[in-house]
Amino acid sequence: MVRGRAPNSPELNEARGNPGKRAKKAPVVDLAPIAGIDAPKHMRAKARKYWAEVAGYITDSRIVRVSDRNVLARYCETLADYVKVTGSLDKQGHVYWTESAHGKMQRISPFFLVQERLVKRLQDMEDRLGLTPASRQQILLRMAANNTQPGLPLTPPAETSDASGVEVPPGAPLSSDPLDFFATASGTQH
């Protein structure tokens, strides 16, 4: 949630002129999406496989940029490690037995602890890269509020509302299916 006063639109600022005589902010340069960018050479083969997979489905989002290449590389490396550790857990199990002077005891596998840490790292990077629905929505809303991306799928809500009091953008029908959040107005089905 954005705090403070809502920023004025660029059109309103242009119409008002510059009464405070402050220096104008430089426009945000829109960097090219990561489409067609090769994986860094230092990545392992398994991580490169995930690079192709992940970069393929985030290219169209217009959220990840070329400057995010190293973060995406770390994400792919961590994902490759997670898959390897999960495979070891499948073979050896989540617990193992040890014997001491006090008798037999079950202990948690070190692979399980490593997997837990990798999950946390992956979740943090997914939030930064917009790979989860909630983080993607927050990023898109911030981008739409700042007008940094023309034609984003999410726009600030309009002042109109339907019969239930829910705000609806003009011309956009309210879908009863929560999975149709990113569907187009033409009624795309799953």
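**Close-up views of a predicted model**

**View 1. Helices α3 and α4 are roughly antiparallel to each other.** In this predicted model, the axes of α3 (residues 69-92) and α4 (residues 110-129) cross at roughly 150 degrees and come within 9 Å, and because an angle over 145 degrees counts as roughly antiparallel, the pair is described in that way. The crossing of α3 and α4 is left-handed. Both helices belong to a protein chain with five helices and two strands, which follow one another along the sequence as α-α-α-β-β-α-α.

**View 2. Salt bridges that share partners join R44, E77 and D81 into one network.** R44, in the loop between α1 (10-16) and α2 (45-58), is linked to E77 of helix α3 across 33 residues of sequence, with 2.7 Å between the closest N and O atoms of this salt bridge. The side chain of R44 also meets that of D81 in a salt bridge of 2.7 Å, N to O, and D81 likewise lies in helix α3, 37 residues from R44. E77 is buried at 15% relative accessible area, whereas R44 is partly exposed at 38% and D81 is partly exposed at 27%.

View 3. K120, at 48% relative accessibility, counts as partly exposed, and D124 is partly exposed with a relative accessible area of 30%.

**View 4. V95, I108 and L113 make a nonpolar surface patch.** The patch covers about 240 Å²; V95, which lies in strand β1 (residues 95-100), counts as partly exposed at 38% relative accessibility.

Terms used. Residues numbered from 1 in each chain as written. Predicted model: local features only at pLDDT ≥ 70, side-chain atom pairs only at ≥ 80, totals over all residues. Heavy atoms only, no water. Patch = residues over 30% accessible without salt bridge, like charges linked within 9 Å, V, L, I, M, F, W, Y side chains within 5 Å. Areas by Shrake-Rupley, 256 points an atom, 1.4 Å probe, with all protein chains shown as cover. Salt bridge = Lys/Arg side-chain N within 4 Å of Asp/Glu carboxyl O. Helix = DSSP H or I, 4+ residues; strand = E, 2+ residues; numbered from the N terminus. Buried < 20%, exposed > 50% of the residue type's maximum accessible area, 1.4 Å probe, protein only. Axes fitted to C-alpha atoms, helices over the stretch in contact; angles between N-to-C directions. Parallel < 35°, antiparallel > 145°, perpendicular 65-115°, else oblique. Left-handed = near helix turned anticlockwise from the far one by under 90°.
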